[in-house]
Amino acid sequence: GQQLNQSPQSMFIQEGEDVSMNCTSSSIFNTWLWYKQDPGEGPVLLIALYKAGELTSNGRLTAQFGITRKDSFLNISASIPSDVGIYFCAGRYGSGYALNFGKGTSLLVTP
Amino acid sequence: SAVISQKPSRDICQRGTSLTIQCQVDSQVTMMFWYRQQPGQSLTLIATANQGSEATYESGFVIDKFPISRPNLTFSTLTVSNMSPEDSSIYLCSARTGLTDTQYFGPGTRLTVL
């Protein structure tokens, strides 16, 4: 599979702060997806992006599909304690349907 | 979207035994996948479960170790055979609907091998 570079690896922030994380690839991707995983649960889809330049919001979350199709970012505004978890980027490239995952960003939010 | 359930949710097994994990989707889906997530790690694709034919395995995974069935468009099983402690992981089922290029995940099966 294609290696995705996700950063930062972890973040420790205060409630109310904004958060930004990103994912890059050496290959052109057709789809970028962002997931959140809570302990003991499966990943939950947050945002799906399907074309270059696309900017999509889901509540306080905003994600963009990079113009080069090799990167994507996720922003979380005004973080709250329930935003705690691990955020994964995932992408699909070429003609296959399987997803390649980043290594995840662990987010901790203090009240 | 698709709602996915998995059974069992967790299990503790002895080395050398096998465990079959079931995955049920609440609607017909075009594709189903099985992933492994080792402790503190990201997700790694094991195989694509093909309906009516043999699964397609990723490099490093073989059918003898991880036999997969998919008898219809809503159900699949993954067996972890001849288990060793290195097989201790979370095993996740996912499904791709035909409407969008999106995958939804089940809650996972947390396997511990002693």
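Predicted model: local features only at pLDDT ≥ 70, side-chain atom pairs only at ≥ 80, totals over all residues.
Residues are numbered from 1 along each chain as its sequence is written, chains are lettered from A and ligands numbered from 1 in the order in which they are written, and side-chain values use heavy atoms, with hydrogens and water left out.

Over all chains, the structure holds two disulfides, a disulfide being a pair of cysteine sulfur atoms within 2.5 Å.

Begin in chain A and select A:C23 and A:C89, which a disulfide joins with an S to S distance of 1.7 Å. A:C23 lies in strand 3 (residues 19-25) and A:C89 in strand 9 (residues 85-92), so the bond ties together parts 66 residues apart in sequence. Strands here are DSSP runs (E, at least two residues), numbered from the N terminus. Both A:C23 and A:C89 are buried, that is, under 20% relative accessible area with a 1.4 Å probe, counting protein chains only.

Next, select B:C23 and B:C93, whose sulfur atoms form a disulfide at 1.9 Å. Their link is left-handed, with -70° about the S-S bond. B:C23 belongs to strand 3 (residues 19-25) of chain B and B:C93 to strand 9 (residues 89-96), 70 residues apart. B:C23 and B:C93 are both buried.

Finally, select B:C13. Its sulfur is 18 Å from that of B:C23, which is too far for a bond. B:C13 is buried too, with a relative accessible area of 9%.

Conventions
Helix = DSSP H or I, 4+ residues; strand = E, 2+ residues; numbered from the N terminus. Buried < 20%, exposed > 50% of the residue type's maximum accessible area, 1.4 Å probe, protein only.
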